[in-house]
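Reader: Could you show me how to read a structure that is new to me, taking one feature after another?

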Amino acid sequence: MLFYRTVLERVGAESVTLGARVTGYVQDAEGVRLDIEHRDGRREQVRHDAVIAADGIKSAIRRQMHPDQAEPEFSGITMWRGTTLRDPYRGGHTICHIGNPHVSSMIVYPIAENFEGSGKDLINWVVETNGEETIEDWNQTGDITEVIPLYDTVKIPFLDVQQLMRDAREVYLFPLIRHAPLDGWVDGRVVLLGDAAHAMYPRGGNGITQAMIDARVIVEQIAAHPDDPHAAFTAYDGARREVVNRITDNMRGEGYEVIRRIVADRTDGLPFDDIEQVLPLAEADEIFGRYHALVGSPRPGHDAGAATGFRTHDVAVAE
Ligand SMILES: Cc1cc2nc3c(=O)[nH]c(=O)nc-3n(C[C@H](O)[C@H](O)[C@H](O)COP(=O)(O)OP(=O)(O)OC[C@H]3O[C@@H](n4cnc5c(N)ncnc54)[C@H](O)[C@@H]3O)c2cc1C
């Protein structure tokens, strides 16, 4: 909604068409015709100089451009996601990674302070479980009693995770899915961007983040090639595709979340007193440093070039 309101302010309502679905395109040397189906069943064709397809993981444009690579892959992991209003914990800025990833793991983090003046923080939480594929639908709700027992033995002084789940405002289920990396995002005057080009497992918040970098780079390239959309799109593809495909491949594993498995393996899943004895900060920092370099935001003191050749499973065997 933030993006939507910003577009209305900056570009104007006449530039936005809601309730319309692109079903395909046809292009010639001068432009592109888009086939559109409106929610009321009305069909329309519109013609433009070029098309940037940001139509998400089920992209109709991607399906036409790469018919053999249109179906997403399921990771075997289902995510249970909810938000809960509660008192701030640990200063209000702490992310918790909880659980044994061989069984189920949970991430908990605050997303809004004093939510809507309630005096409470809005806490986001995600539980991952292994098992049957769930349907991919933004509105599929989950029954939290199926996962609460997995956290029977978890005792954290400042956070009752079972209560957190019970108090959720809503719980949604999502399969963790991604697309295989593509060998091209451009077809003449048509180009893919965001999840349409590179849906990845969003480890470390790298779904929308990479889409936003795409947007910046494509705008720069259009400004540099104002009369030649194909040249602009090809330059964008050249600047972004290999980098993003490398991230997509790495996210296929656990990403930096490998730290959870390292801790579980080194402790046999049993409680411990001193994290320094299990996973020293310097070792964790090294893992985070390599991850940050990979996704294009090197941490101070870490080599940006460390991304080269980095693969998550190299880190996983660091022991
Ligand atoms: C459960 C879950 C958790 C996630 N968590 C994170 C996270 O913490 N951090 C992170 O960075 N990323 C996360 N992601 C990934 C992130 O949501 C996506 O990477 C991001 O939304 C991609 O943006 P996009 O604009 O490319 O596509 P989308 O946000 O999917 O937008 C695509 C748009 O195109 C529209 N559309 C679809 N088909 C058509 C059509 N045929 N014609 C016209 N319009 C169409 C859709 O209605 C939609 O509005 C998560 C994803 C899921 C499912």
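This is a predicted model: local features need pLDDT of at least 70, side-chain atom pairs count only at pLDDT 80 or more; totals for chains, interfaces and linings use all residues.

Reader: How many helices and strands does the protein have?

Author: Helices (H or I, at least four residues) and strands (E, at least two) are DSSP runs, numbered from the N terminus. Here the protein has 10 helices and 11 strands.

Reader: Is E128 buried or exposed?

Author: Buried means under 20% relative accessible area and exposed over 50%, with partly exposed in between, using a 1.4 Å probe and protein chains only. E128, which lies in strand β8 (residues 121–130), has a relative accessible area of 13% and is therefore buried.

Reader: Which residues is E128 in contact with, leaving aside its neighbours within four places in sequence?

Author: Contact means heavy atoms within 4.5 Å. With those neighbours left aside, the contacts of E128 include I77, S104, R203 and E257.

Reader: Which polar atoms lie by the ligand?

Author: A polar contact is a pair of N or O atoms within 3.5 Å; within protein, one must be able to donate a hydrogen and the other to accept it, and residues adjacent in sequence count only if both atoms are side-chain atoms. A polar backbone atom of V22 is 2.8 Å from a nitrogen atom of the ligand, and an N or O atom in the side chain of D195 is 2.8 Å from an oxygen atom of the ligand.

Conventions. Residues are numbered from 1 along each chain as its sequence is written. Side-chain values use heavy atoms; hydrogens and water are left out.
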